[in-house]
Amino acid sequence: MRWTFTFGLAVALMVPQLSTAQAVGQITGAVTSEAGAPISGAQVVASGRGAVTGANGRFSISGVPVGRHTVRATSVGYSEGTTQVTVAAGQTATANIQLAARVVQLEEIVAVGYGTARRRDVTGSIASVTGEQLSARAAPTSAVSNALQGKAPGVQVITNSGTPGAGASVRIRGSNSISANSEPLYVIDGIPAAQGTRSTDPTQNPLNTIDPSNIESIQVLKDASATAIYGARGANGVVLVTTRRGRAGQNRVSVETSYGVQTPTDRINPLTGPQFRELVNEAYVNAGRARQYTDAQISSAPTYNYADLMMRNAPQQSHSLTFSGGGEQTRFLVGGNYVDQEGILINSGFHRYGARANLDSNLTERFRMGSSVSVTRVQQDLNRTESGGIGAGANGILAAINFDPTLPPYDDQNRPNLKARLGEQLDNPYLNALLIENPRRVTRLLGNAYGELDVTDAIRLRSTFGANLGFERTPQYQPIISPAGSGNNGNASVYSNQGVELTSETTANYRREMGPGSLDVLGGFSAQTSRFEDQFSAAFNFPSDQFKWNNLGVGKVRSGLSTNAVDWTLLSYLGRANYNLLDRYIFTVTGRRDGSSRFGAENKWAFFPSAAFAWRAIDEPFMQDQGLFSDLKVRLSYGVTGNQAIEEYQSLARLSTEFVAIGRGGEAVTLAPSGAAANPGLKWETQRQFNVGADFGFLDNRLTLTMDAYQSNTSDLLLRVPLPRMSGFSSQLQNVGSVRNRGVELGINTVNFEGDRFTWLSTLNVSANRNEVIDLGGVSEISPGNERYGHFIGSTSSHIVRVGESLGSMYGYRVDGLFQQGDACYLKNATLCAPGEYKVADLDNDGVITQNDRTIIGNAQPDLYGGFTNNMTFGAVTLDAFFNFSIGNDVANLNRVFTELVTGFLNEDERVLNRWTPTNTNTSVPRANNARPRLFYSSMVEDGSYLRLQNLTLGYRLPSQLLPGVDGARLFLTGQNLFLLTEYTGFDPEVNSIGGDARFSGVDIGAFPRARSWNVGMNVTF
């Protein structure tokens, strides 16, 4: 495959020399609307050569071979226009084209990675989302990853938490890896800038420093033909982000402002004081223990609802100011934005300040330069509002449910009640959230500069340099007067990091007519290097709360100190060749050769090829007289991509520190081999994907459909394999195992009604993906570990990775109802068969419930997911409604270990009032029993299917005479998360408390509740 690209590039470079003697001419003209207004920024193509219209709508294409040609013009918001012209040697032909405004647009120009293409010429599977579709008007959007939810077929987005600025798990055509990162690569204005995180912290989101309001469009590259140009980082899909830029002749000032209020969507009702004490007594008696409270203590018990104390209505606001415009030679865009979103749990919030400047300049007729720079400052106020686990480790709303409802926040002397001792000692969650300070502050500078030279009419060189600088500082202080800090007389810590990524890319593009078609060849080189450093320090026992984290030296005890530094480098050669035969048969061949410092000496380099074919059947002569189709294209692709998203230095032998005792009271630090063995043969995870798709248009494209079916197999998975102790190591990262994803995608766009005053458009996308673990390197299953909650559910994991099953498989004990009076007991311990106890399936029939009786009890993978959008316009009024949905996925509601297991260990949810008693036997809630084992029962697995009205926006365009000098002004009223149809009993079924780890999907451990909000806003353009 490598020689194919080399030969293609060589031919491409020779053809201009052979054609210098060819007679050529010029085509000039103007592109206008049906009303005669000039259209700037339109793409005009003739004979494989192109131009962009200026502010006056005019264009010029030189070097056009003599003969008759079709001139084609396209612009976003208009249908394609064509005309025929005849070019004579040394002469100028005129081609004036009128474009009709269209609501549904198929022929837009889309980004394809290192270039652009007409939508009609795309051979791969690419989903497009405009900036208007991406974010809700008058409502702040925290991150581009969250904003993609339900907007593109094959893109599954799960918001991990309701925490302002929280992370999202994004999967393009399923999870392709087990332990490496399965998040897509985000490329911003041509620079690989970020990848979603697989961190188990659901609040982490590296993409919340990118302001979605600055985005012009997004292209999601899904199949291997589209992603292979990104080689080693393309296996999880690629999201191409194009930011807004200035346009010639359109000098504008835009102001957008909004304000809103968020409210909780639901209320959690823990047991009251008397109810809790009654439950404790009942649970203790049923466990053969003595009552804990007298009747007088029960009847006199007060009630404090800590869930209500911690929840609030919270404001949010966003503001932006943008200047854009320019002339034929120079275009600019400069803007700033501010987002302030308080959380519905006290002392939580998200704040973002950002500025952007984009500049493009035509220095000469053949040479162009430009730059993009954005600076963003983000602060997330976390402050013990997101749960860190369950039991004594719980925070936020889960801890509020579990806390003693009879204990007030402050006693009669106004002294804080810091802790409660129930089944175990719990911190007061209200005071922790109120007093602890834990702001995560991130500053990011993302910029690039490019130069572009037309060497000839057929050859274009482009060189880009980009920088991605990130700085984070996350301090924390637990005051002496707080529950968490009282035991140590104040705790303080500071975590900080700084990362620098530099990217240099140079490409050469060759376009010209060749034979009966046109050839487009791209070749290039890319180099990217990164340096990341972080530091952590902590201390406790402070003389005063005044210092906080600003003077750790005042703390009498140093409790933590660490530093770290990592580097990585990626070198790449890339190429792509497109041949468009007769404007109907389109062939694409792509390849990239990557060399990564992350991998072993034996496998530093790998080659990732792909090939694709598209047939525009609608343009065949035999299709011209039919009346069914207005568009028909068939696509076929196959290719190979990679995944390098693992920690650095895994292929190398590493050293660790050990403390060795020397004499009495003496200690020395020495170096020892790491517990992980080096692997010089370590290499990429490799994905091979096949895709077949078709694009349909009916009724003059009033109804359009895009359908895709795919299968991808990811092999050489990067898994940590245990080693025998005699080796001297505990484990080694190896390339073993494989995962398969198969699925179908459907996208439908309809023009339901289009009149002079009223227009109604709809968009529906539905996707189905089936994930399966094919091989695990000779073993049938592996346990992903306990994570943050394992010792509370029998010291086991809630999930399993097993051959033949999908990632996200939930692993626990099957419950077949409750024992009733007279039921036979199949267990050796008869107390486990008492009426009202769970009927736990004894799968190995040994009469004892052990870990061997665990089985798969749920699956986080949905059967279907997608989004449904309706846009209606009636004169000056618009109404936009967006629904997203998920069907068939399960949620592991591990909150119920401590809120509905009816043990009386901690306070529980009011649903346990329906527990089994001799007089209430028709229930699924077991009897009270303080001795009940805390295990992961199938009763804790719930159907997570849902339908949500995510956004509803009512807009009104103000009459121009009201605001003289204003180009346009619109008012908006937007509601978010207004309606949720689900059977899930927790706050929200869209949750993943273990963040982006593909092994732990669909887990709810005290997730921050999602809010409902109403916002009003205004957009004014001068």
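The structure, a predicted model, holds 52 salt bridges. Side chains of opposite charge can pair when their charged atoms come close.

Asp 211 lies in the loop between strand 15 (191–195) and strand 16 (215–221), whereas Arg 352 belongs to strand 21 (residues 349–362), so the pair ties together parts that are 141 residues apart in sequence. Both Asp 211 and Arg 352 are buried.

Another salt bridge joins Arg 702 to Glu 754, with the closest N and O atoms 3.3 Å apart. This pair links distant parts of the chain, 52 residues apart: Arg 702 is in the loop between strand 36 (685–698) and strand 37 (703–715), and Glu 754 is in strand 40 (residues 738–754). Arg 702 is partly exposed, as its relative accessible area is 28%; Glu 754 is partly exposed at 35%.

Glu 942 and Arg 896 form a further salt bridge, in which the closest N and O atoms are 2.9 Å apart. Because Glu 942 lies in strand 51 (residues 941–943) and Arg 896 in helix 11 (residues 896–899), the pair ties together parts that are 46 residues apart in sequence. Glu 942 is buried, with a relative accessible area of 7%, and Arg 896 is buried at 16%.

Salt bridges also form a network, which links Arg 72, Arg 118, Arg 120, Asp 121, Asp 583, Arg 616, Asp 619 and Asp 631.

Strand 2 (residues 43–46) and strand 3 run antiparallel and are joined by 4 bridges.

Methods
Residues are numbered from 1 along each chain as its sequence is written. This is a predicted model: local features need pLDDT of at least 70, side-chain atom pairs count only at pLDDT 80 or more; totals for chains, interfaces and linings use all residues. Side-chain values use heavy atoms; hydrogens and water are left out. Two strands pair if DSSP finds at least two bridges between them. Helices (H or I, at least four residues) and strands (E, at least two) are DSSP runs, numbered from the N terminus. A salt bridge is a side-chain nitrogen of Lys or Arg within 4 Å of a carboxyl oxygen of Asp or Glu. Buried means under 20% relative accessible area, exposed over 50%, partly exposed in between (1.4 Å probe, protein chains only).
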